Each structure stands twice: as structure tokens, then as C-alpha cells.
Amino acid sequence: MENQTASMVVTGEKSAAVMAYTHNKLCWGEIVIKEQVRVSTWLRTNLAPEVIRIYNAKMLITTAPVESLKPMTFSEIHVPTEKVIAFHLIPPAKDPLDYDPSEPNRQMTPISVLVGAFKVDGFMRMSMQSNLAKYLEITRENFTAIYDAEISSPILSALGIFRVPYLLVRQNAVIFTTRSQ
């Protein structure tokens, strides 16, 4: 299959390899995005599209029997952003930190998130006076940032573990739990 992403990038744009998770699919490939936009936080901004166009795409149906796990390949797919429940750059790509690590009165709280067929172990950055329950009660954001994440699937263990420095999860479509460090 030809790499059509390169021909789609124009001045002021860049391409990036990403993974997008829905309730029953895992999609990955390349997106084209404005050069000045941080890919990791893209879906949290007003520049987020209604539909994510992924080129040179692969898609895995996560509800399929394990023995038939084989990704489908497409030159491009169009994933409605409202269906995306998790999103991240494909390592080794990463964006600079989106926070100041020396900011006082902040902590990295260890959490787990259930994202469709996947389990994410990582950290949420929040006030030292807060906890997961308070954070979720007060915060009304579409996408929540998870840092230093390990993504695995109890159902699809053959996929192994993904380690990503930054992951977005759709707050109202996943299940959060605290975990000990």
C-alpha cells in the first residue's frame, strides 16, 4: 500500500502516528495536523475535528474471537471523534510535557482506567488536596490526561503492553479506579 500521508502534508502541517480506541475497535495509522498543535492534547482543544481521518490505517475489532485477531488494513478511515474513548501518539513519538513538574501542591495519583477491552495503569495529575472521586466529581472535561501509562488487555493478551507517556481518555466513557503505587 502506498504511503499517502506524505502527499497530504502541506506547509504548516505535520503527520503523526496515533492510536485511537473505541468501545470495540483499536485503530492506528497516521494523521495530518497543524504543525503548531500538540498531537497529544489535540482532542482537548477547539481544533479537534468532528471526524479523525487516519491514513495508512489498521483496525482491530477487539470483540472478535482471539484466534481470529488480525488487523484490517485501509488506505484511510474516518473515526467520529465522539466515538473515541482513548487516544495517544504511537511510541517512540512523544510531545513535551503539558505541565510544569515543579508546580507546588500537585501530585501524580496512581489510577487504572478500563477502556473497552483495555486496562490502563497510569497517573493523573491533580491537587494534593484532591483524590480521584473529587476530581471526577468536579472536573467536567471531555478528555482527561493519563501520564506514564501502561496499556494492556486482559482479553487480548497477545497484544502485549504499550507504554506511552501521555494518553487521553474520554471521561464519560471509561471506568476509573484508584490503585496503590
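This is a predicted model: local features need pLDDT of at least 70, side-chain atom pairs count only at pLDDT 80 or more; totals for chains, interfaces and linings use all residues.

Visitor: How is a pair of aromatic rings described?

Guide: A pair of aromatic rings is characterised by two quantities, the distance between the centres and the angle between the planes. A search of the whole structure finds four aromatic pairs. One of them joins Trp-42 and Phe-87 in a tilted arrangement, with 6.0 Å centre to centre and 55° between the planes. Trp-42 lies in the loop between strand E2 (25–34) and strand E3 (51–61), whereas Phe-87 belongs to strand E5 (residues 86–89), so this pair ties together parts that are 45 residues apart in sequence. Trp-42 is buried as well, at 7% relative accessibility.

Visitor: What kind of pair do the rings of Tyr-147 and Tyr-166 form?

Guide: Their centres are 5.3 Å apart and their planes stand at 75°; because an angle over 60 degrees counts as edge-to-face, the pair is edge-to-face. This pair also links distant parts of the chain, with Tyr-147 in strand E8 (residues 143–152) and Tyr-166 in strand E9 (residues 162–170), 19 residues apart. Tyr-147 is buried, with a relative accessible area of 7%, and Tyr-166 is buried at 10%.

Visitor: Which charged residue sits over the ring of Phe-123?

Guide: That residue is Arg-179, whose charged end sits over the ring of Phe-123, 5.1 Å from the ring centre.

Visitor: Let us turn to cavities. Which residues line the largest cavity?

Guide: The count comes to one cavity of 30 Å³ or more, and the largest cavity has a volume of about 30 Å³. Its lining consists of Ser-40, Leu-89, Ala-93, Lys-94, Val-164, Pro-165 and Tyr-166, of which five are nonpolar, one polar and one charged. Strand E9 gives the most to this lining, with three residues.

Visitor: Is Val-9 buried, partly exposed or exposed?

Guide: Val-9 has a relative accessible area of 28%, which lies between the cut-offs of 20% and 50%, so Val-9 counts as partly exposed. Val-9 is placed in the loop between helix H1 (5–8) and strand E1 (13–21). Leaving aside residues up to four places away in sequence, Val-9 touches Lys-14, Ser-15 and Val-32. The C-alpha atoms of Val-9 and Ile-31 are separated by 9.4 Å, although these residues are 22 residues apart along the chain.

Terms used:
Residues are numbered from 1 along each chain as its sequence is written. Side-chain values use heavy atoms; hydrogens and water are left out. Helices (H or I, at least four residues) and strands (E, at least two) are DSSP runs, numbered from the N terminus. Buried means under 20% relative accessible area, exposed over 50%, partly exposed in between (1.4 Å probe, protein chains only). Contact means heavy atoms within 4.5 Å. Rings of Phe, Tyr and Trp (its six-membered ring) pair if their centres lie within 6.5 Å; planes under 30 degrees apart count as stacked, over 60 as edge-to-face and the rest as tilted. A charge sits over a ring if NZ of Lys or CZ of Arg is within 6 Å of the ring centre and within 35 degrees of the ring normal. On a 1 Å grid over the protein atoms alone, a cavity is a set of points where a 1.4 Å probe fits but cannot get out, and a pocket is an open set with protein on both sides within 12 Å along at least five of seven lines; lining residues have an atom within 4 Å of a point. Grid points are joined across faces, edges and corners, and a volume is the space filled by probe spheres set on the points. Ala, Val, Leu, Ile, Met, Phe, Trp, Tyr, Cys and Pro count as nonpolar, Asp, Glu, Lys and Arg as charged, and the others, Gly among them, as polar.
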